[in-house]
Amino acid sequence: MSIQNAIQTIQAELPENAQLVAVSKTFPESNIEQAYAIGVRDFAENKVQELTGKYEHLPKDIRWHFIGHLQTNKIKYIASFVHLIHGVDSLKLLIAINKEAAKNDRIIPCLLQFYIAQEDTKFGLTLSEAEELVQSEEFKNLQNVEIHGVMGMASYTNNETQVSTEFEQLAAIFKTLKIKFFANKAYFKELSMGMSHDYHIALQHGATLLRIGSTIFGNR
Ligand SMILES: *Cc1c(COP(=O)(O)O)cnc(C)c1O
């Protein structure tokens, strides 16, 4: 299937409140241009250097999402333009993002990443760690970051019941944080979950941002 057909197939499956983020990591700029040509504007990368290179060469109305593990010393390279940072898993990282955002005189939207998989390779916070984070004085003083929601990755398994349980858990975390800490923050609305192999399940649990790469661009 062509890149454009794959995108149209996915978009036809999405409810109104869900949006495709095309994960272009490792794929060439020509592939991004093909997706761009049919209207895709949200792309995701997980390496700072690859992201900055693509940012420089490609149209400036692309919304670049960062979905990797972000090192504090590299934030400065993406702070001026990044649209949304999906994988924030510590107060320390948030403070560092805030600092670079302030230098660029902007607010950087972030998602808190949660640990929901039954695997020890995945990063993320627990709900109690996140509650502690958002209640801290340090967090409340951050003027240049906004938490727009949560992000997570399910276990890499064919067991659909397990994946379903993990996405349900992330949806519950989203709801809890919304009610307890972000009830009057309209921007807290994103539930970033679902990849090529499990996005149908993520949609059943209310995903708003689907991070899909290989179904669109092919195997890496
Ligand atoms: C690579 C990646 C994806 C996309 O994975 P595909 O299987 O190619 O759809 C989604 N989220 C994160 C965090 C990734 O690193």
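Let's start at the ligand: one of its oxygen atoms sits 2.8 Å from a polar backbone atom of glycine 213. That is a polar contact, meaning a pair of N or O atoms within 3.5 Å; within protein, one must be able to donate a hydrogen and the other to accept it, and residues adjacent in sequence count only if both atoms are side-chain atoms. Keep in mind that this is a predicted model, where local features need pLDDT of at least 70, side-chain atom pairs count only at pLDDT 80 or more, and totals for chains, interfaces and linings use all residues. Residues are numbered from 1 along each chain as its sequence is written, and side-chain values use heavy atoms, with hydrogens and water left out.

| Residue | Protein atom | Ligand atom | Distance |
|---|---|---|---|
| Glycine 213 | polar backbone atom | oxygen | 2.8 Å |
| Serine 214 | backbone N or O | oxygen | 2.8 Å |
| Arginine 211 | side-chain N or O | nitrogen | 2.9 Å |

On its own the ligand exposes 390 Å², and the protein buries 90% of that (areas by the Shrake-Rupley method with a 1.4 Å probe). The residues around the ligand include Val23, Lys25, Ile67, Met151 and Arg220; to count, a residue needs a heavy atom within 4 Å. The shell divides into six nonpolar, three polar and three charged residues.

Now for the inside of the protein. The largest nonpolar core has 68 residues, and Ile97 and Phe114 touch the most other members. Helix 8 (residues 160-181) gives the largest share of this core, seven residues. There's also a second, separate core of eight residues, with Val23, Leu84, Leu111 and Met151 among them. A core here is a set of buried Ala, Val, Leu, Ile, Met, Phe, Trp, Tyr and Cys residues joined through side-chain atoms within 4.5 Å.

Next, threonine 208, found in the loop between helix 9 (199-204) and strand 8 (209-212). Helices (H or I, at least four residues) and strands (E, at least two) are DSSP runs numbered from the N terminus. Threonine 208 counts as buried because its relative accessibility is 9%; buried means under 20%, exposed over 50%, and partly exposed in between (1.4 Å probe, protein chains only). Its side chain reaches the backbone nitrogen of leucine 191 at 2.8 Å.

Finally, glutamine 8 lies in helix 1 (residues 3-13) and is partly exposed, at 43% relative accessible area.

Notes: Nonpolar A, V, L, I, M, F, W, Y, C, P; charged D, E, K, R; others polar.
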